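Please examine the sequence and the model displayed below.

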Amino acid sequence: MSELKIEKVWKEYGDQIVLEDVSLTVDSRAFVALVGPSGCGKSTFLRMLLGQEQPTRGTILLDGAALPAEPGADRGVVFQRYSVFPHLTALGNVLLGKELAASRYKARLFGSARRNAIEEARGLLAEVGLAGAENKYPAQLSGGMQQRLALAQALIMRPKVLLLDEPFGALDPGIRAEIHTLMKRLWHETQMTVVMVTHDMREAFTLATRVVAFERRRDRPEEKERYGATITKDISIWPPRIAGAASIFGPDRDGPVSSLGHRRDDLAPSGDI
Ligand SMILES: Nc1ncnc2c1ncn2[C@@H]1O[C@H](COP(=O)(O)OP(=O)(O)OP(=O)(O)O)[C@@H](O)[C@H]1O
């Protein structure tokens, strides 16, 4: 389970109202894309889901419990840049979360725990297409490889919720298409719920189960600070994409298993998508 419930959330910075009265329920294992004009508060909203920012008013629940007031292992995050640490190798970057979880100050694992973590990290690097790059530093990797690394780094903690802030925005179109395929596979194969901010509508409609648009309802320049953005559109993708289930579109456009790609009865009914 990894359901997010956002209830009547407001966010203000001083006199500026950034978000007003935002309510949204994100089903477990959904993939929600957040879109909207620049500066409307999408990243702020994502940072609140991460626990880096607190709502001024309202509540955010993860599986019915109030979200802790700081980032935690149940929420992974990938930003457009700078998600990985430049002074650590690819393997070191993926291991770091485990090491910090084991010992917050020394950030080291020992003995069999370390061996197991290394094996898991190598497996994940292979999963994201980085086998052989374990000992490279981020500066030695292309932009696409760094974002794959950032995904592996987030995934090793098996987050309930993966938060993506324009993670593929800086990549060339070809590389971006490749990483979209990877992202879809990871979403199908893991249990996580994904919330992704993107400027790219095509990306939103390619990956998400649901596209949610933020906008200011009143946008007169003199009122910019007084009215925040809220959800103005909420579009469920049709035909529905369901984590772990093949698409009714063939061949294998969305689904994880091509041989199941054409059957309508593969689609289990699910929540509000
Ligand atoms: N820590 C902060 N302190 C003060 N104001 C902030 C802070 N963080 C964000 N803001 C303001 O909140 C508004 C929304 O910013 P945010 O980055 O969330 O928008 P966005 O929709 O993600 O924009 P973009 O699409 O351009 O990345 C902006 O006016 C920004 O200046």
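Methionine 201 is found in helix 6 (residues 201-207); helices here are DSSP runs of H or I with at least four residues, strands are runs of E with at least two, and both are numbered from the N terminus. The structure is a predicted model, in which local features need pLDDT of at least 70, side-chain atom pairs count only at pLDDT 80 or more, and totals for chains, interfaces and linings use all residues. Residues are numbered from 1 along each chain as its sequence is written.

Is methionine 201 buried or exposed? A residue is buried if 20 or more other C-beta atoms lie within 10 Å of its own, exposed if 12 or fewer, and partly exposed in between, with C-beta atoms placed from the backbone. Methionine 201 is exposed because 12 other C-beta atoms lie within 10 Å. Its C-alpha atom is separated by 8.9 Å from that of valine 211, ten residues apart along the chain.

The wider setting can now be given. The protein chain has six helices and ten strands. Of its 273 residues, 37% are buried. Among contacts in the chain with a separation of 6 or more, 67% are between residues 24 or more positions apart; two residues are in contact if their C-beta atoms, placed from the backbone, lie within 7 Å.

Which residues of strand 3 (residues 31-35) are buried, and how do they point? Phe31, Ala33 and Val35 point one way from the strand, Val32 and Leu34 point the other way, and all are buried. Strand 3 is therefore largely enclosed by the rest of the structure, five of its five residues being buried. Strand 3 runs parallel to strand 8 (residues 193-197), to which four bridges join it; two strands pair if DSSP finds at least two bridges between them. Within that pairing, leucine 34 has valine 197 of strand 8 as its bridge partner. Four bridges also join strand 3 to strand 9 (residues 210-216), again in the parallel sense, and there the bridge partner of valine 35 is alanine 213.

Leucine 163 stands opposite valine 195 in strand 8. Strand 7 has five of its five residues buried, so it is largely enclosed by the rest of the structure. From strand 7, Val161, Leu163 and Asp165 point one way, while Leu162 and Leu164 point the other way. Strand 7 also pairs with strand 6 (residues 75-79) in the parallel sense, over five bridges, and arginine 75 stands opposite valine 161 in this pairing.

Seven bridges join strand 1 to strand 2 (residues 16-26), and the two run antiparallel. They form a hairpin with two residues between them, and glycine 14 in the turn has a positive phi of about 60°. Tyrosine 13 stands opposite glutamine 16 in strand 2. Strand 1 is also joined by five bridges to strand 4 (residues 57-62), which runs antiparallel to it; here tryptophan 10 stands opposite arginine 57.

Helix 2 (residues 90-102) has 13 residues and reaches 19 Å from its first C-alpha to its last, close to the 18 Å expected at 1.5 Å a residue, where the expected span is 1.5 Å times one less than the number of residues. At leucine 96, helix 2 bends by about 40°, the bend being the angle between axes fitted to the seven residues ending there and the seven starting there. The buried residues of helix 2 are Ala90, Leu91, Asn93, Val94, Leu95, Gly97 and Lys98, and they pack against helix 3 (111-127) and helix 4 (143-155).

The last stop is the ligand. Around it are Tyr13, Val18, Gly36, Ser38, Gly39, Cys40, Gly41, Lys42, Ser43 and Thr44, each with its C-beta atom, placed from the backbone, within 6 Å of the ligand. Helix 1 gives the most to this shell, with three residues. The buried residues of helix 1 (residues 42-50) include Lys42 and Thr44, and the helix is followed by glycine 51, whose phi is positive, near 95°.
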